[in-house]
Amino acid sequence: MTTSAVVRVRVPAKINLALCVGPRADDGFHPLGTVFEAVNLFDEVLLWPADEVNLNIVGEGVDAVPVGPENLATKAFALLAARYTLPAPGVHLEIRKSIPVAGGMAGGSADAAATLLAVNEWAGLGMDAEELRSHAAELGSDVPFALLGGVALGTGRGDHVMPIMQRGHHHWVLAFSEGGLSTPAVYGRFDELVPDGRDVDVPDAMIDALAAGDVEHLASTLRNDLQEAALDLRPDLQKILDAGQRAGALAGIVSGSGPTCAFLCRNEDAAVRVSAALVAEPGIVGVRRVHGPVPGAKIIREHA
Ligand code: C5P
């Protein structure tokens, strides 16, 4: 597109500090207790009015992203178009991706959240945070958090989100690896490995560590119940986790359903050392230093 976008939204990736997964329910979903943190790895969604819906996705790994009606951003537009009168029959959406595709960092959910916010702004719908949240929850379990950002407790399917008071700033190193992992496939393997599920209560020790701003204590409380299933499907990830730990990370976990691995570091210097060590590790296609928490989806006022 040559003309400036009417609306441009920036939306962060998430890491789950805790992902406590209960037994599969009859609807196929799992009750969760999760702690999300938004980090400064962003996708952008740009919107122009158009006669029909049209999606253009740019960035690393985008060949794997569907551009049809099954794309979560398209679904977000369709959901609002069915419920509100919009100024045009369609939109052209451009998604500029930095969040890894099928990487366990909620990239698709982030794009859906950004689209809701963009349409709300463009069409002057005036939805408040709660209205946006309820549309978001229909689109996917991680979409409400992408709107909220910061650090939050997620319950239900992960879609009921509540901010958590916390102090400080966390330095993370992300290791992206070849290929993606399907979230349903990882949950499916979890069901085979842990048929009764785990306890969904987020550890009090994590909440205390966040409130105190104690990063070492926080590192000792990181928990991902999907990690065993992700490692079962992708045993190569264990080497990456070990390498980060050897390089001095306080702790390393698989992010969400993987395969991205996230390493919490004591400070920026430590993060620099860990990222330098991981760059040389076989099987890693990209390493990125990020920090959190950062706010959720935001409209960018100054257009590029
Ligand atoms: O909600 P979302 O579309 O992101 O979920 C993708 C898939 O992840 C679901 O179809 C389901 O297989 C799995 N999931 C789950 N329990 C949750 C969230 C997601 O089983 N609480």
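This is a predicted model: local features need pLDDT of at least 70, side-chain atom pairs count only at pLDDT 80 or more; totals for chains, interfaces and linings use all residues.
Two residues are counted as in contact when their C-beta atoms, placed from the backbone, lie within 7 Å of each other.

## Domains and their interface

The protein is divided into domain 1, which covers residues 7–164, and domain 2, which covers residues 170–292. The C-alpha centres of these two domains are 22 Å apart, and across the interface 31 residues of domain 1 are in contact with 37 residues of domain 2.

On the side of domain 1 that touches domain 2, the elements giving two or more residues are β1 (7–21), β2 (32–50) and β5 (151–155). Strand β2 supplies the largest share of that side, with eight residues. Sorted by class, the residues on this side of domain 1 comprise 22 nonpolar, seven polar and two charged.

## Packing of helix α1 against helix α2

Helices α1 and α2 pack at an angle of about 35 degrees, and their axes are 7 Å apart; the crossing in which α1 passes α2 is right-handed. On the α1 side the contact is made by Leu72, Ala73, Lys75, Ala76, Phe77 and Leu80, while on the α2 side it is made by Gly108, Ser109, Asp111, Ala112, Thr115, Leu116 and Val119. Taken by class, this contact of α1 with α2 has eight nonpolar, three polar and two charged residues.

Helix α2 (residues 107–122) packs with helix α3 (residues 129–139) at an angle of about 140 degrees, with the two axes 10 Å apart. That angle makes α2 oblique to α3, and α2 passes α3 in a right-handed crossing. The residues of α2 that make the contact are Ala112, Ala113, Leu116, Leu117 and Asn120, and those of α3 are Leu132, His135, Ala136 and Leu139. The contact of α2 with α3 is made up of seven nonpolar and two polar residues, with no charged residue among them.

Helix α1 (residues 72–83) also packs with α3, here at an angle of about 130 degrees and with axes 10 Å apart, and the two helices are therefore oblique to each other. The crossing of α1 past α3 is again right-handed. In this contact Leu72, Lys75, Ala76, Leu79 and Leu80 of α1 meet His135, Glu138 and Leu139 of α3, and the residues involved divide into five nonpolar, one polar and two charged.

Note on methods: Residues are numbered from 1 along each chain as its sequence is written. Axes are lines fitted to C-alpha atoms, for helices over the stretch in contact, and angles run from 0 to 180 degrees between N-to-C directions. Helices (H or I, at least four residues) and strands (E, at least two) are DSSP runs, numbered from the N terminus. Angles under 35 degrees count as roughly parallel, over 145 as roughly antiparallel, 65 to 115 as roughly perpendicular and the rest as oblique. A crossing is left-handed if the near helix is turned anticlockwise from the far one by less than a right angle, and right-handed if clockwise. Ala, Val, Leu, Ile, Met, Phe, Trp, Tyr, Cys and Pro count as nonpolar, Asp, Glu, Lys and Arg as charged, and the others, Gly among them, as polar. Domain bounds come from an automatic or database domain assignment.
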